[in-house]
Amino acid sequence: KNPSSSASGTSPGAISSSSQPTGISSSIVDVSSLSVEEASKQAANVQYGADTKVVRFGNAGALGETGPTACQYYCDLANIAFNGKYRFDFYPSEQLGNETTMLENMQMGLQEVMMTTLSTMATYSPDLNILDMAFCFNSSEQAQYYIAQNEQIWKDLDDAGYVFVAYNLQRNPRMLFCTWPLENASDMKGMKYRIPNLPIFEANARAMGATPVVTAYSEYTFALMQGIVDGGDSAKDAYYSAGFYESAPYASEVDFAYPFESIFFAKSFWDTLPAEDQEVFKSLGSQVEKYYNDTIKDEWAEMKTELIDKGVTFVDCDRQSFIDATSQLGYELQETDLFKTEKLYEKVLAWNAEFEKANPA
Amino acid sequence: MTSFDPMILLYFGTFVVLILLQIPISYAMLFASLEYLVVNHESFIIFAQKTANSFADFNMLALPAFLFVGCFMNEVGLTDRLFLMLECWLGHLPGGLAHANVLASMLFAGMSGSALADAGGLGTIEVKAMSEAGYDKNFSIAVTAASAGIGPIIPPSINFVIWAFLSQTSTMAMFEAGYLPGAIMGICMMVWIVIAMKTQNIKCPKSRRYTWRERFFATWKSLPALGGPIILIAGITTGVFTPAECGTVAAMYCVLLAIAIRRFNWAMFSKALRATIASTGMVMCLCASGMVFNWLIVTSGITTVVTNALMALNNRILILLLLNCLLLFMGCFIGAMQIEIMMAPILMNLATALGMSYIQMGVMVVLNITIGIITPPFAPALFVTCKATGGNFESALKYTIQFLIPLFITLMLVAYVPQVTEFLPRLLGTLK
Amino acid sequence: MKAGIRKIGAILDCFNNALELLAGLSAFVMMAMLCFQVMMRYVFSNPIYGIDEAVIAIMVWVCAVGWATVYWQNGHAILEFIVKRMSQNARRVIFHLTNAIVLLISVLFVPASCKLFKMQEHLRPIGGLPFGKAYYYALPVVVMSIIVLIYCVYKTIAYIVLDDESIVAPDAREEGNILD
Ligand code: NA
Ligand code: NA
C-alpha cells in the first residue's frame with residue numbers, strides 16, 4: 001500500500017546497456033529482458049536526484065492482483081530505464097481516488113499515469129461503450145481490431161487529454177454466474193442481476209431476460225450472499241478473487257464481452273516529454289502488455305481448477321441461446337444516444353466481418 | 001525512503017495551530033492543503049473535485065438516514081419506554097436501574113448512530129429515574145455517560161460508515177463486526193457496576209418489585225420502539241437491504257410509527273429534518289475537506305514514514321499498544337470523525353503491515369476514539385449528560401473515570417483478539 | 001450603517017432557514033425514494049433504473065447546501081478549549097483570522113468548482129438520468145461555494161462593524177459541535 005519506489009540502496013544499478021534499440025540515446029538503459037522480479041530488485045537501487053521528475057501512477061486494484069503487479073512492473077522498468085530521471089510512484093487500491101477521480105486527477109495535473117479498464121473511458125468516448133455490450137465480439141483480437149479501426153475513439157480520448165501507451169492488456173472475458181445453473185438464456189428469467197450504474201449493463205441484463213439491480217462493487221459480494229441479487233457478471237478472475245463463487249457457485253463461461261486494461265498518460269504531462277522518452281514509454285507499454293497477457297490466462301487456468309475443487313460447477317451452457325436472446329440489442333442501442341458514431345453497431349458488424357475474413361479461424 | 005517531504009511538517013504545523021485557534025477543522029485542513037498545492041504548483045480544482053466526490057458516495061447515504069432516526073426518535077419520545085420497560089424487569093435487583101441504564105443504551109444503540117443522541121435524549125430519563133429511586137446522582141450520570149459510548153459501536157454507527165467510506169470496505173461488514181464488541185462493552189460495564197457498588201458503598205437502593213402484569217404491559221408499550229432495532233438487526237444480518245437502504249427503511253419506520261401512535265406533527269418533523277441537515281452538513285464538510293487533506297498525506301510520503309517508524313519496533317503487541325495510546329490521546333481532544341479522516345491512510349497502511357483486517361482496525365479505532373467522549377478535558381458525553389440533567393461536571397468525573405477500566409478491557413480484547421470483531425462477519429460470510 | 005447590516009443579516013438568516021428546510025425535505029424525499037426502491041425490488045422484483053442515480057444526485061445537493069447552511073450557523077466542527085479561555089481582544093483577532101481564512105478558501109472554491117463543471121459539462125448522462133453528471137456533481141459545489149462566499153463576506157464586514165461574537169462563533173453555552 002505504499003508508494004512503491006524506494007532507493008535505500010547506495011550503489012547505482014549495475015545494468016548493462018548493450019543491445020539497445022536503434023534511435024534511442026545511450027543514456028537510456030535497455031530493460032527489455034528484465035522479468036518482474038529482476039525489475040523489482042534493480043529498481044530498488046536506482047538513485048534519484050533533486051531534478052528527478054516525480055510521476056504518480058494510480059490504479060484501483062489491490063497489490064497482488066495481476067493488474068497492479070503489471071503497474072508496478074511498468075514503474076520499475078521506467079525507473080531503471082531512465083536511471084533516476086523519472087521516479088514513478090505507484091499508488092494501488094484507490095489511494096489516489098476511485099477511477100472517476102483518478103481520471104479527473106489526470107485532467108487537473110494531479111496525477112500523470114494510470115491503468116484502468118478501457119471501457120471506463122466510455123465517459124469520454126461513448127463509442128467504447130460497445131466493448132461492454134453483450135456478444136458484440138467473438139474474441140479479444142476482434143475487439144482490438146474494432147478499437148484500432150474506429151478513429152472517433154482516438155480523437156475523443158485525445159480531446160479529453162489522455163495518451164495511451166498500452167490498451168491491449170487482455171483481461172479474461174466476462175462470464176455469468178448465479179445461485180442456480182444458467183444453461184441458456186431462458187434460465188435468466190427472474191434472476192436479480194447485479195449491474196454497475198451504467199446503461200449498457202442495464203441493457204445487457206434486460207436483453208438476456210434478467211432483472212437488473214444496481215449495486216456498488218464494494219457491496220457486490222455481500223449482496224450476492226444475502227440474496228439482494230442472485231448473480232451477475234464479472235471478468236473471470238474477479239469471480240475467484242472477489243469470492244463471488246462462494247454464494248453463486250454456478251458459473252457460465254459465455255464470454256459475453258472482452259474487456260481490456262489500458263495504461264495511459266495525461267496529455268499535459270506527455271507533451272512535456274522528449275520524443276525519445278515517449279518512445280521508451282510506449283515500448284515499456286508493449287513489454288508490460290506481453291507480461292500481462294502471458295500471465296492472466298495461466299492464472300485463470302489455475303483458478304478454475306481450484307474453483308472446481310471448491311465445489312463450483314462450470315455449467316455446460318448453450319452460448320448460442322444467449323447470443324440469440326441479445327441479437328437485437330445492438331440495433332436497439334445504436335438508435336439511442338449511447339454511442340457517438342451513427343449506426344455504430346452496423347459498422348462494427350462490418351469491421352468484425354473484415355477481421356474474420358483476414359483471420360479465418 | 002525517498003519520498004518524505006520535510007515541508008509536511010509545515011503543513012501539519014499550520015493545521016494544528018489553526019485548529020487550536022478555533023478555526024473550523026475542515027477549513028484548517030483545506031488551508032494546510034492549500035499550502036501544499038501552492039508549494040507543489042498543483043491545481044486547486046482538487047477542492048471542488050474531492051468535495052463533489054465525497055458527497056456522491058453511495059454508501060454515505062446511510063449517514064443522513066441514521067442521523068434522522070436518532071433525532072426523530074428522541075423527538076417522538078419513544079426511547080423513554082425502552083428504559084421504563086427495563087426498569088420494570090430489573091429495578092428490584094441490586095443496582096438494577098444502573099444495569100437497566102446500560103441495557104437501554106445497548107438497545108438504543110441498535111437504532112441510533114451517535115453517542116450524544118443517547119446521552120442527551122435517553123440519558124435525561126435515565127438519570128431522573130435513578131435519582132428519584134435514591135441512587136447517587138453522580139454515579140447515575142457516570143453510568144449514563146459511559147454507556148452512551150456503546151452507541152457508535154453497536155450498529156448502526158456513523159463512525160463505521162465513515163471508516164468504510166475511507167477504507168473502501170463493506171459498510172455491512174463493519175456493522176456486523178460491531179455487535180460483539182458492543183455486547184462485550186455492555187457486559188464489562190455491568191460487571192464494573194457490581195464491583196463499584198460493592199467496593200465503594202455507592203447509594204443504589206432497590207426499587208419495588210413490579211408485578212408481572214406491569215412488566216408485560218411495559219414491554220408491550222415498548223414494542224414499537226423495539227421495532228426499530230429489530231428491523232435493523234434483521235436487515236443487517238439477513239441482508240434484506242444494503243446499509244444505506246437499511247437506514248432509510250428505519251427512518252420511514254419511525255415516521256410511520258409516529259403517525260400511527262399520533263405523535264407526529266409538523267413542528268417536530270421539521271425540527272428533526274433541520275437537525276439532520278445540520279449534522280449531515282458538518283460531517284460531509286469534514287469528509288470532503290478530509291479527502292483533500294488525505295491527498296497531501298498520501299502523496300507526501302508521510303504514511304510510509306510513520307508506518308516504517310512504528311514497524312521498526314518489530315513487536316506487534318507493542319506497536320498496537322503504542323497505536324492505541326496515540327489514538328486515545330487524540331480522542332481526548334479531537335472528535336472521532338476528524339481522527340478517522342486524518343489518520344485513515346496511516347491506519348490502513350499499518351493494518352496491512354500488521355496483517356490486521358481493515359475491519360478489525362476500524363472497530364479498534366472507533367472504540368478508541370469513543371472512549372475519548374468520557375475522558376477529560378472534553379468528555380463531550382459527560383458534558384452533555386451533565387447539561388441535560390443539571391449535574392456537576394467535576395463531581396461526576398470521579399465515577400466516570402472509573403468506567404475507563406471496563407472500556408479499556410474491551411479495547412484490549414478488540415485489539416488483540418481478531419475473533420471479537422471478525423467472528424460475526426465471517427459467520428455471516430461478509431468477511432473471508 | 002449598523003442597522004443596514006443587521007437588516008441584511010436578518011434577510012440572510014431567513015434565506016438560510018428556508019434553504020435548510022428545503023434541504024431537509026429533499027433529504028426526506030431521498031430516503032423515501034430509496035425505501036420505495038427496496039420495496040420495488042422485494043415485493044415486485046422490478047427495481048426502477050434511474051432511482052439510484054437520482055438519489056445520489058439529491059444527496060450531493062443536500063450535502064452541498066448543508067455545508068453552506070451549517071457555515072451560516074457557525075456549526076462546523078471546532079476546538080474551543082483554548083480560545084474559550086482567551087481575552088476578549090485575543091478572541092477578536094482570532095475571529096478576524098477565521099473570517100480571512102474562510103474567505104480565502106471560498107474565493108478559491110468558486111473558480112475551482114466552475115472549472116470542474118467545465119470538465120464535466122460535456123460528459124454523457126449516466127445511470128438513467130436525463131441530464132449529465134455536471135449538474136449534480138460540480139454544479140452543487142459551484143452553488144455552495146457562491147453561497148458560502150456571500151455568507152463569509154457578510155460575516156467579515158458585519159463582525160468588523162458590529163463586533164458581535166455571535167456572528168462568527170457558536171453560542172458559548174453549547175459545547176462545540178462534536179458529534180460522535
Ligand atoms: Na449505534
Ligand atoms: Na445509558
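How many residues of chain C are in contact with chain B, and how many of chain B with chain C? I get 69 residues of chain C in contact with 74 of chain B, contact being heavy atoms within 4.5 Å.

Ground rules before going on. This is a predicted model, so I keep local features to pLDDT of at least 70 and side-chain atom pairs to pLDDT 80 or more, while totals for chains, interfaces and linings use all residues. Residues are numbered from 1 along each chain as its sequence is written, chains are lettered from A and ligands numbered from 1 in the order in which they are written, and side-chain values use heavy atoms, with hydrogens and water left out.

**Chain C against chain B**
I looked up the buried area (the accessible area, 1.4 Å probe, that two parts lose on being put together, summed over both). It comes to about 6,400 Å² between chain C and chain B, with 79% from carbon and sulfur atoms. I then searched for salt bridges (a side-chain nitrogen of Lys or Arg within 4 Å of a carboxyl oxygen of Asp or Glu) and found two between these chains. E20(C) makes a salt bridge with R274(B), N and O being 2.9 Å apart at the closest. On the chain C side, α1, α2, α3 and α4 (138-162) each supply at least two residues that touch chain B. Helices here are DSSP runs of H or I with at least four residues, strands are E runs of at least two, and both are numbered from the N terminus.

**Chain C against chain A**
Here 16 residues of chain C are in contact with 24 of chain A. The buried area is about 1,700 Å², and carbon and sulfur give 54% of it. Y49(C), M119(C) and R124(C) supply 38% of what chain C buries against chain A, more than any other three residues. I count one salt bridge between these two chains: K133(C) meets E104(A) at 3.9 Å, N to O. α3(C) gives the most to this side of chain C, with three residues.

**Salt bridges overall**
In chain A, K304(A) pairs with E253(A) at 2.6 Å between the closest N and O atoms. K304(A) is in helix α10 (275-309) and E253(A) in the loop between β9 (250-252) and β10 (260-266), so the pair ties together parts 51 residues apart in sequence.

In chain C I checked R91(C) with E165(C), where the closest N and O atoms are 2.5 Å apart. This pair links helix α3 to the segment after α4, 74 residues apart. Is R91(C) buried or exposed? It is buried, because its relative accessible area is 12% (buried is under 20%, exposed over 50%, partly exposed in between; 1.4 Å probe, protein chains only). E165(C), at 22%, counts as partly exposed.

**Single residues**
S125(A) sits in the loop between β3 (113-117) and α4 (140-149) of chain A, yet it is buried at 0%. Beyond four places in sequence, it touches Q152(A), I153(A), D156(A) and L157(A).

N204(A), in helix α6 (199-207), is also buried at 0%. Leaving out neighbours within four places, its contacts include F256(A) and L329(A).

V43(C), in the loop between α1 (2-42) and α2 (51-72) of chain C, is exposed at 56%.
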